[in-house]
Amino acid sequence: MAQKQWYKGAVIYQVYPRSFQDTNGDGIGDIKGIIDRIDYIKSLGVDAIWVSPFFKSPMKDFGYDISDYRDIDPLFGNLDDFDELIAQAHQRDIKIIIDQVLSHTSDQHQWFLDSREDKTNDKADWYVWADAKPDGTQPNNWLSIFGGPAWQWEPRRGQYYLHNFFAEQPDLNFHNPEVRKAVLDNVEFWLKKGVDGFRLDAINFCYHDAQLRDNPAKPPEKRQGRGFSEDNPYAFQYHYYNNTQPENLSFMQDIRALLNKYPGTVALGEISSEDSLATMAEYTSGGDKLHMGYSFELLTNDYSAEYIRTTVSTLEQRMTEGWPCWAFSNHDVERVASRWSKDNTINPQQCKMLTALLASLRGSVCMYQGEELGLGEAEVAFEDLQDPYGITFWPNFKGRDGCRTPMPWDATDPEQAGFSTVKPWLPVGDAHKAVAVSAQDQDKDSILNAYREFMAWRKDKDVLLEGDIEFLNTQEPVLAFYRTLGDVKMLCAFNLSADTSDLTLSDSVSSQHTEISHHTADLNNNTVTLPGFGCFYATLNY
């Protein structure tokens, strides 16, 4: 049999370093904070930690604007701290995955500082520069996802440069082979450090249309997207030309070829395109591109069984070679405990069920810090906002700060909940303090302990880690599917509502069926009665 690939079915725990644990009293989390809490992470039963950006940065987009790809911002520590993190994680059999932000740099990166000076320097063609139209306006109609045109005037060169995100994040010109090589050299620096893989931010944005063609308009009824709202002008276009270009596929092959030199390392691409599921399939095809792809397709407001079933089934039909990765929360969207709440209150049973559901889909899993506590979206007053995206679109869109508030560790600390000894960069959510780790540790029925129990149970269920998936045609609010591997077939059923629901089965359920103790369900003559937010697992006779 082929050796099992560690990433298949892996649970990847996302740490947002700014908000995880502050050890030096500056109100901002750091790498030593992750080390200090590594045994907590181990207790969750996860396979890997994805560490959001910690590189040198002016922090205009909180680390996703990188000024030095090979060094660590002093806010977070230094390279020795990072080496220690890898060592401590590996001692506990935990992999380390780090963000790589390849499509753009900070405007303070030395490459850009050189490039902007004139049209003849060594880095002149390393970014996307274009002349103004005769009337002085932008080269085309491309828009930034963070608001306004995607072009910024640079008086030194007398040209515009492209920025798909903030103006402080100029886009690199991947049509220049020197840029590709330099970017891959930066990636290899971290491979030599011993990282186990990369989460590739906005990876389908590396290439732009070399002809700079205008994006076509999108009619109002089609104005929806992932990671931006319908009232954002970005939703008014089909983004056919500013990202997801055909040339990007050969760059994915370059990344895979590099990773193949470091056995066991993996690439997880974040993909947001006009058809993200199709792009995920394309970017993981052939065994020579990315190992995994994930998108915003389940980071939405739609919480119906039909939507989840259709989304996952569509990807299954398209992704015949690659491996999916699913998430319900991350650092860019409202926390799932709030987003999928029916009445704007956090329901512990729903949180437990969502963990089980996510970790039962075919694919790997990204779990965002605090998801194991059932944290909801924190209310952040306008005067406390840090995210320029939220400040720009307030009050219709409050930005990303509500999901980025500090991790609550100690319920007995009424101010900072054990995150820091000083006022943190964002306030600790008031509702979060009561459900801090210290409080949930002591409660055997807590969301946290249910999370640990489920992950421990799942660990040796190969059918859940690597099996095929086949959905049942169930009625709302029940979502059910089979996972099959070899001669093992498991039924997984979930009640997405607070009301009791029945599921009648055509298959014979084994008397040896397995249930998760914190989600009880009754079985009577092949009818499963699911309590509110209940779930049910059973092995089948066949």
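Q: What is the relative accessible area of phenylalanine 382, a partly exposed residue in this predicted model?
A: Phenylalanine 382 sits in the loop between β13 (364-368) and α11, where helices (H or I, at least four residues) and strands (E, at least two) are DSSP runs numbered from the N terminus. Buried means under 20% relative accessible area, exposed over 50%, and partly exposed in between (1.4 Å probe, protein chains only). Phenylalanine 382 falls in the partly exposed class because its relative accessible area is 41%.

Q: Which pLDDT does a side-chain atom pair need to count in this predicted model?
A: Residue numbers start from 1 along each chain as its sequence is written, and side-chain values use heavy atoms, with hydrogens and water left out. Since this is a predicted model, local features need pLDDT of at least 70, totals for chains, interfaces and linings use all residues, and side-chain atom pairs count only at pLDDT 80 or more.

Q: Which residue does glutamate 476 join through a cis peptide bond?
A: The bond in question has omega near 5°.

Q: Methionine 59 has a positive phi; is the residue buried or exposed?
A: Phi here is near 65°, a positive value in a residue other than glycine. Methionine 59 belongs to the loop between β3 (55-56) and β4 (68-72). With a relative accessible area of 13%, methionine 59 is buried.

Q: What is the relative accessible area of alanine 417?
A: Alanine 417 also has a positive phi without being glycine, near 55°. Its place is the loop between α11 (388-393) and α12. Alanine 417 is buried, and its relative accessible area is 0%.

Q: How many salt bridges does the structure hold?
A: Here a salt bridge needs a side-chain nitrogen of Lys or Arg within 4 Å of a carboxyl oxygen of Asp or Glu. Lysine 193 and aspartate 83 make one of them, at 3.1 Å from N to O. Counted over the structure, the total is 26.

Q: How many residues apart in sequence are the parts tied together by lysine 193 and aspartate 83?
A: Their side chains meet in a salt bridge. At 23% relative accessibility lysine 193 is partly exposed, and aspartate 83, at 31%, is partly exposed too. Lysine 193 is in helix α5 (residues 177-193) and aspartate 83 in helix α3 (residues 79-91), so the separation is 110 residues.

Q: Which residue forms a salt bridge with aspartate 201?
A: The N to O distance of this pair is 2.8 Å. Aspartate 201 counts as buried because its relative accessibility is 8%.

Q: How many residues apart are aspartate 332 and arginine 404?
A: These two form a salt bridge, with the closest N and O atoms 3.1 Å apart. Aspartate 332 is in the loop between β12 (323-327) and α9, arginine 404 is in the loop between α11 and α12, and the gap between them is 72 residues.

Q: Which residues are linked in a network of salt bridges?
A: Two members have come up already, and both are buried: aspartate 332 at 19% relative accessibility, and arginine 404 with a relative accessible area of 1%. The network is made of Asp61, Asp332, Asp387, Arg400 and Arg404.
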